[in-house]
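The sequence and structure are shown below.

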Amino acid sequence: MRQDAGVARRKSAVSQCWSAPTVQRSPQEVDDKVKFAQTDGSDLVLLATDPGRSLVDHAWTCRCCGKQFNTLPLDFACKAPDHWFGIPEPERESRAKLDSDVCMIDDKDIFVRGCLEIPVIGLDDCFVWGVWASVSRESFERILELWEAPAIENEAPKFGWLCNNISLYPSTLNLRANLHLRSGGARPSIELDPTDHPLAREQRQGISIQRVEEIAAALSLRH
Ligand SMILES: [Zn+2]
């Protein structure tokens, strides 16, 4: 099984920060090795991938420019929910807390990062959108309780609203989802409600490797 940087969360960050909600963390502590950005012009959401850990060996030629690549990224992540980007920059530090896995805004809106996994036809690994979902305080408290649990069994999924607009689809904001908590330091998996939204359809039906190429080409800057 591939060690998936997009799936593994940093336990220490959250257990230190969120069990003691009065501790402020600055946004600079967020890992932001930003290599990719949305190209819809809003550039509200930066997508990051951890170099070297989220690539599969796969030779492909970009259909937009003809450039050849030997690897293909399999996960892209948003470093924060769109709501965080929506806060004017000077206010972010006072109104929001953000680390690699949890975001809280105005001490009431709570977001957690999860993995929206999409099977890739013919590959063992999934494509992963690292995206954020808002959850209730009650769900969040349970998520924290189970944060370091070595095993999670029979835990009901937690409802969440998807809180990133991925520019390659019709708006993905506020799609309904269920978060499945995972043990062993893995981020929760995000399962969209089975609607006709193209992202939900892709999650149910899987995507071709050509579609992954298309996503990589659309999100890669200066290639
Ligand atoms: Zn290209």
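## Helix 6

A residue is termed buried if 20 or more other C-beta atoms lie within 10 Å of its own. The model discussed here is predicted. In helix 6, which spans residues 209–219, the residues Val212, Ile215, Ala216 and Leu219 are buried. Viewed down the axis of helix 6, the buried residues fall within an arc of 95°, so they line one face of the helix.

## The nonpolar core

The largest nonpolar core has 43 residues, and Cys103, Trp132 and Ala133 touch the most other members. Strand 9 (residues 126–135) supplies the largest share of this core, eight residues. In soluble globular proteins, nonpolar side chains tend to be buried together.

Leaving aside residues up to four places away in sequence, Cys103 touches Ala80, Pro81, Trp84, Ala96, Lys97, Leu98, Phe111 and Trp132.

Strand 8 (residues 109–119) has eight buried residues out of 11, so it is largely enclosed by the rest of the structure. Strand 8 pairs with strand 7 (residues 102–105) in the antiparallel sense over four bridges. These two strands form a hairpin with three residues between them, and Asp106 in the turn has a positive phi of about 55°.

Strand 8 also pairs with strand 9 in the antiparallel sense, over 10 bridges, and Ile110 stands opposite Val135 in strand 9. The hairpin of strand 8 and strand 9 has six residues between the strands; Gly122 in its turn has a positive phi of about 90°.

With strand 5, by contrast, strand 9 pairs in the parallel sense over three bridges, and Gly130 in strand 9 is the bridge partner of Ala77. In a regular strand the side chains alternate between the two faces of the sheet. From strand 5 (residues 75–78), Asp75 and Ala77 point one way and Phe76 and Cys78 the other way, and all are buried.

Strand 3 and strand 4 pair in the antiparallel sense over five bridges, with Leu72 in strand 4 as the bridge partner of Val56. The two strands form a hairpin with six residues between them, where Gly66 in the turn has a positive phi of about 80°.

Cys62 lies in the loop between strand 3 (55–61) and strand 4 (68–73). Cys62 counts as partly exposed because it has 16 C-beta neighbours inside 10 Å. Its contacts, not counting residues up to four places away in sequence, are Lys67, Phe69, Ala217 and His223. Cys62 and Ala217 are 155 residues apart in sequence but 6.3 Å apart in space, C-alpha to C-alpha.

Notes: Residues are numbered from 1 along each chain as its sequence is written. This is a predicted model: local features need pLDDT of at least 70, side-chain atom pairs count only at pLDDT 80 or more; totals for chains, interfaces and linings use all residues. A residue is buried if 20 or more other C-beta atoms lie within 10 Å of its own, exposed if 12 or fewer, and partly exposed in between; C-beta atoms are placed from the backbone. The arc is that of the directions from the helix axis to the C-beta atoms. A nonpolar core is a set of buried Ala, Val, Leu, Ile, Met, Phe, Trp, Tyr and Cys residues joined through C-beta atoms within 7 Å. Two residues are in contact if their C-beta atoms, placed from the backbone, lie within 7 Å. Two strands pair if DSSP finds at least two bridges between them.
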